[in-house]
Structure formats: structure tokens, C-alpha cells
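The sequence and the coordinates should be kept in view while reading.

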Amino acid sequence: MFAMLQSIGKMNAPVKIMLLGVVIKLIGNIILVPIPAVNINGAAISTTLCYLIICILSSRVLEKELGTPIRLRKIFLPQIFSGILCAVGAFFAYRMGEFIVSGRLSTVISIIFGVIIYILSIVLMGGLNKNTVKSLLQ
């Protein structure tokens, strides 16, 4: 979205939005990482929150400038849902694979399983279609 903002003459908007994201990430790290129960996971949480806010703010600025709504749910929901399915499927494939094969092979199998689940779910939810594939291959 930053490229779109810059292309319509809003060169400073991405910088300001990123600076706000950095501040949110820094505050999140300072608050969450020292908590023993959260620990290093706090960095992942604050990073996710940072990018979520950057995405939302960027889309809102772009909506305001273009005068047309951006449907974030329609754009991101298939990817988020497919990512969750991928993670759950890979986790269970790894846990089941641990009993059958070695840890390394179980890891490889769970990654492959996760990729297959992601691709199938993204296609079934309409997040990936012929036009998208064609544009990726060009």
C-alpha cells in the first residue's frame, strides 16, 4: 500500500505510518518481553500488532485519498484463515509424525502438509484464482 500512497503524491504518509509502527513495536517489546510468562513471544506479539496497525492505517489513508473503500476483510480473510489452518495442520502432522519417524523427517513432512493445506484452503476460499496465478508468473 505504501507504493500506492507514494504514487498518488502522499510520499510522507508511509514514513509517518512506519514511525508510528516502530513506536508501537518498541512499546510492546518493552512491556511484553520482561513478563516471564510471555518472554520472547512478546516480541512476536508486538511485531504482529505493529504490522496490523500499519496495514489498517495505510488502507485508511488510501481510502480517504481515493474516496473509495478498501475491503480489508475480503482481501486478508482468506490468507489469515488459510494461515491458521496451515499452522494447526502442520502442528498436528508434526506431533503425529514424531511417533512414526525422526524429528527432522517429521518437520519436513509437517511443512509439506502445511503447504498443501494452505494452498487448498486459499484456493477453496477464493483467495487465489487464475488471474492471481497469471500475475505471479509474469
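A residue is termed buried when its relative accessible area is under 20%, exposed when it is over 50%, and partly exposed in between, with a 1.4 Å probe and protein chains only. Helices (H or I, at least four residues) and strands (E, at least two) are DSSP runs, numbered from the N terminus. The model is predicted, so that local features need a pLDDT of at least 70 and side-chain atom pairs count only at pLDDT 80 or more, while totals for chains, interfaces and linings use all residues. Residues are numbered from 1 along each chain as its sequence is written, and side-chain values use heavy atoms, with hydrogens and water left out.

The protein chain contains six helices and zero strands; read from the N terminus, the order is α-α-α-α-α-α. Its radius of gyration is 19 Å, whereas a compact globule of 138 residues would have one near 14 Å. This quantity is taken over C-alpha atoms, and the globule rule is 2.2 Å times the number of residues to the power 0.38. Along the principal axes, the C-alpha atoms fill a box of roughly 55 × 45 × 25 Å. Of the 138 residues, 21% are buried. Contact means heavy atoms within 4.5 Å. Among contacts between residues at least 6 apart in sequence, 53% join residues at least 24 apart.

Helix 2 covers residues 12–32, and its 21 residues reach 30 Å from the first C-alpha to the last, close to the expected 30 Å at 1.5 Å a residue. The expected span is 1.5 Å times one less than the number of residues. Which residues of helix 2 are buried? They are Ala13, Pro14, Ile17, Gly21, Ile24 and Gly28. These residues lie on the same side of helix 2 because they cover an arc of only 90° around the axis, the arc being that of the directions from the helix axis to the C-beta atoms. The face turned away from this buried side carries the exposed residues Asn12, Lys16, Leu19, Leu26 and Ile30. The buried residues of helix 2 pack against helix 1 (2–7) and helix 3.

Helix 3 (residues 41–66) includes Ser46, which counts as buried because its relative accessibility is 2%. Beyond its neighbours within four places in sequence, Ser46 is in contact with Lys25, Gly28, Asn29 and Leu32. Ala43 is also found in helix 3. Not counting residues up to four places away in sequence, Ala43 touches Lys25, Asn29 and Val33. The C-alpha atoms of Ala43 and Ile119 are separated by 28 Å, the two residues being 76 apart along the chain.

Helix 4 (residues 72–98) has 27 residues and reaches 38 Å between its first and last C-alpha, close to the 39 Å expected at 1.5 Å a residue. Its buried residues are Leu72, Pro78, Ser82, Gly89, Ala90, Ala93 and Gly97, and they pack against helix 3 and helix 5 (103–124).

Rings of Phe, Tyr and Trp (its six-membered ring) pair if their centres lie within 6.5 Å; planes under 30 degrees apart count as stacked, over 60 as edge-to-face and the rest as tilted. This rule gives one aromatic pair. Phe91 and Phe92 form this edge-to-face pair, at 5.4 Å centre to centre with 75° between the planes. Phe91 is partly exposed, with a relative accessible area of 43%, and Phe92 counts as partly exposed at 49% relative accessibility.
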